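Colleague: I would like to learn how to read helix packing, strand pairing and a pocket in a model. Please start with the helices.

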Amino acid sequence: MIDVTEATDSNEALVLRLIRAMETGELPETIKSVCTDDFVWTNSGLDTISGQAELFEQMSRGGFASQIPILKTMTHFSAELIHMASRGDIVFTERVDHHWDEQ
């Protein structure tokens with residue numbers, strides 16, 4: 001599980017809180033409480049999400065499973081942080097995401 005204390009600044013802490021919220025199933029609540037209406041979330045190879053409205057719209061369509069079909073049977077998620085780097089409002093994470101399914 002992600003350790004939020006690994007952050008070196010508030011922007012890194014925010015990103016780690018979001019990843020941690022994906023692990024705990026609390027992403028919608030966390031997005032509403034910590035993200036601005038115009039935040040940007042980019043994942044390599046996936047659509048860039050601009051703002052809360054776009055994220056919640058995507059979630060209503062099945063989230064990233066609409067772009068990665070294997071995620072449709074996912075029951076839970078965990079992440080291993082490999083590296084993190086930031087400059088200003090931009091935070092990059094290199095991580096291994098584990099998507100557990102029902103089988």
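Modeller: Axes are lines fitted to C-alpha atoms, for helices over the stretch in contact, and angles run from 0 to 180 degrees between N-to-C directions. Helices (H or I, at least four residues) and strands (E, at least two) are DSSP runs, numbered from the N terminus. The model is a predicted one, where local features need pLDDT of at least 70 and side-chain atom pairs count only at pLDDT 80 or more, while totals for chains, interfaces and linings use all residues. Residues are numbered from 1 along each chain as its sequence is written, and side-chain values use heavy atoms, with hydrogens and water left out.

Colleague: At what angle do α2 and α3 pack?

Modeller: Two packed helices are described by the angle between their axes and the distance between the axes. For α2 and α3 the angle is about 170° and the axes are 11 Å apart. That makes the two helices roughly antiparallel; angles under 35 degrees count as roughly parallel, over 145 as roughly antiparallel, 65 to 115 as roughly perpendicular and the rest as oblique. In contact (heavy atoms within 4.5 Å) are Pro28, Ile31 and Lys32 of α2 with Gln52, Leu55, Phe56 and Met59 of α3.

Colleague: How far apart are the axes of α1 and α2?

Modeller: They lie 8 Å apart, at an angle of about 155°. That makes α1 roughly antiparallel to α2. Among the residues making the contact are Leu14, Leu18 and Met22 of α1, and Leu27, Ile31 and Val34 of α2.

Colleague: In which sense do β3 and β4 pair?

Modeller: Two strands pair if DSSP finds at least two bridges between them. β3 and β4 pair in the antiparallel sense, over 12 bridges. Met84 has Thr93 of β4 as its bridge partner, and His76 stands opposite Trp100 in β4. The two strands form a hairpin with two residues between them, and Gly88 in the turn has a positive phi of about 60°.

Colleague: Which element supplies the largest share of the lining of the largest pocket?

Modeller: A pocket is an open set of points on a 1 Å grid over the protein atoms alone, where a 1.4 Å probe fits, with protein on both sides within 12 Å along at least five of seven lines; lining residues have an atom within 4 Å of a point. The largest share here, nine residues, comes from α1. The lining has 43 residues, and the closest to the pocket centre are Met22, Trp41, Asn43, Phe64 and Arg95.
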